[in-house]
Amino acid sequence: MTAYLAGPDVFLPDAAEHAARKIAIAARYGITGLAPLDDASTAAMTEDEAWRAIFHKDIAMMTASDIVIANLTPFRGASADAGTLVELGWFLGRGRKIFGYSNSATPFADRSRAQSALIPDPATGLMHESFGLADNLMVVGAVVYGGLCPIVIPGDGRDRAFDALDVFELCVARAAAALGFEHRN
């Protein structure tokens, strides 16, 4: 079983090391993780060539994957990373299993209200989605209906650091169990 490890982790200063830790965790559960990373191959390219190369490389990795395990931790806003959400939709549209996690225990509605208190909405009177969900209802729906379990969030109700991996490991464990894989030491 191969999992595309979607998420904005590629922007971390230690992205390669972080990806290696995630791949090792997935392997303990019998899952081969593929982490999208920008590598040195794009260094000599123009910006236009580089983004296209990265896009096509990521699509090839997604095509080679059976499932997605997506980091849906809020990124530069109240919701998950926009690129990760496109990848989630790609898997949903192909009928492949979707698993997701967030290091935020704070409901989306609370994060959304806090953000609009700091950055005013583009129009007055806009409502806030208030379903008590981990993210926008379409994100939650994609995970629930595209996979076999809801978005995994911190069970103790406390937000984690963006790069914490305990909630990721719980998500991998749930994915492995749902798919019939056993934990390996």
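**Nonpolar cores, buried serines and salt bridges**

In this predicted model, the largest nonpolar core comprises 21 residues, and Ile69, Phe99, Tyr101 and Phe168 have the most contacts inside it. Two or more residues of this core are supplied by each of strand S1 (2-6), helix H1 (15-28), strand S3 (67-71), strand S4 and helix H6 (166-178). H6 provides the largest share, with 6 residues.

Helix H6 consists of 13 residues. The distance from its first C-alpha to its last is 18 Å, close to the 18 Å expected at 1.5 Å a residue. Within H6, the buried residues are Val167, Phe168, Cys171, Val172, Ala175 and Ala176. In an α-helix, residues three or four places apart point the same way, because there are 3.6 residues a turn. The buried residues of H6 pack against S1, H1, S3 and S4. For Phe168, the contacts beyond four places in sequence are with Leu5, Lys22, Ile25, Ile69 and Tyr101. Just after H6, Gly180 adopts a positive phi of about 85 degrees.

Two serines were examined individually. Ser104 is located in the loop between strand S4 (97-101) and helix H4 (108-118). With a relative accessible area of 7%, Ser104 falls under the 20% limit and is therefore buried. The side chain of Ser104 makes a polar contact of 3.5 Å with that of Asp159. When residues up to four places away in sequence are not counted, Ser104 touches Pro74, Arg111, Ile153, Pro154 and Asp159.

Ser112 lies in helix H4. Its relative accessible area is 16%, so Ser112 also counts as buried under the 20% limit. A polar contact of 3.0 Å links the side chains of Ser112 and His128.

Across the whole structure, 9 salt bridges were found. Side chains of opposite charge can pair when their charged atoms come close. One of these bridges joins Asp14 and Arg21, with the closest N and O atoms 3.2 Å apart. Asp14 is partly exposed, at a relative accessible area of 24%, and Arg21 is partly exposed at 37%.

A further salt bridge connects the side chains of Asp58 and Lys57, at 4.0 Å from N to O. In this pair, Asp58 has a relative accessible area of 14% and is buried, whereas Lys57, at 25% relative accessibility, is partly exposed. The two residues are assigned to these classes because buried means under 20% relative accessible area.

The side chains of Arg160 and Asp166 form a salt bridge of 2.9 Å, N to O. Arg160 counts as partly exposed at 24% relative accessibility, and Asp166 is partly exposed with a relative accessible area of 39%. Both residues belong to one network, in which salt bridges that share partners join Asp156, Arg158, Arg160 and Asp166.

Technical notes:
Residues numbered from 1 in each chain as written. Predicted model: local features only at pLDDT ≥ 70, side-chain atom pairs only at ≥ 80, totals over all residues. Heavy atoms only, no water. Helix = DSSP H or I, 4+ residues; strand = E, 2+ residues; numbered from the N terminus. Buried < 20%, exposed > 50% of the residue type's maximum accessible area, 1.4 Å probe, protein only. Polar contact = N/O pair within 3.5 Å; in protein donor to acceptor, adjacent residues only side chain to side chain. Contact = heavy atoms within 4.5 Å. Core = buried A, V, L, I, M, F, W, Y, C linked by side-chain atoms within 4.5 Å. Expected span 1.5 Å × (residues − 1).
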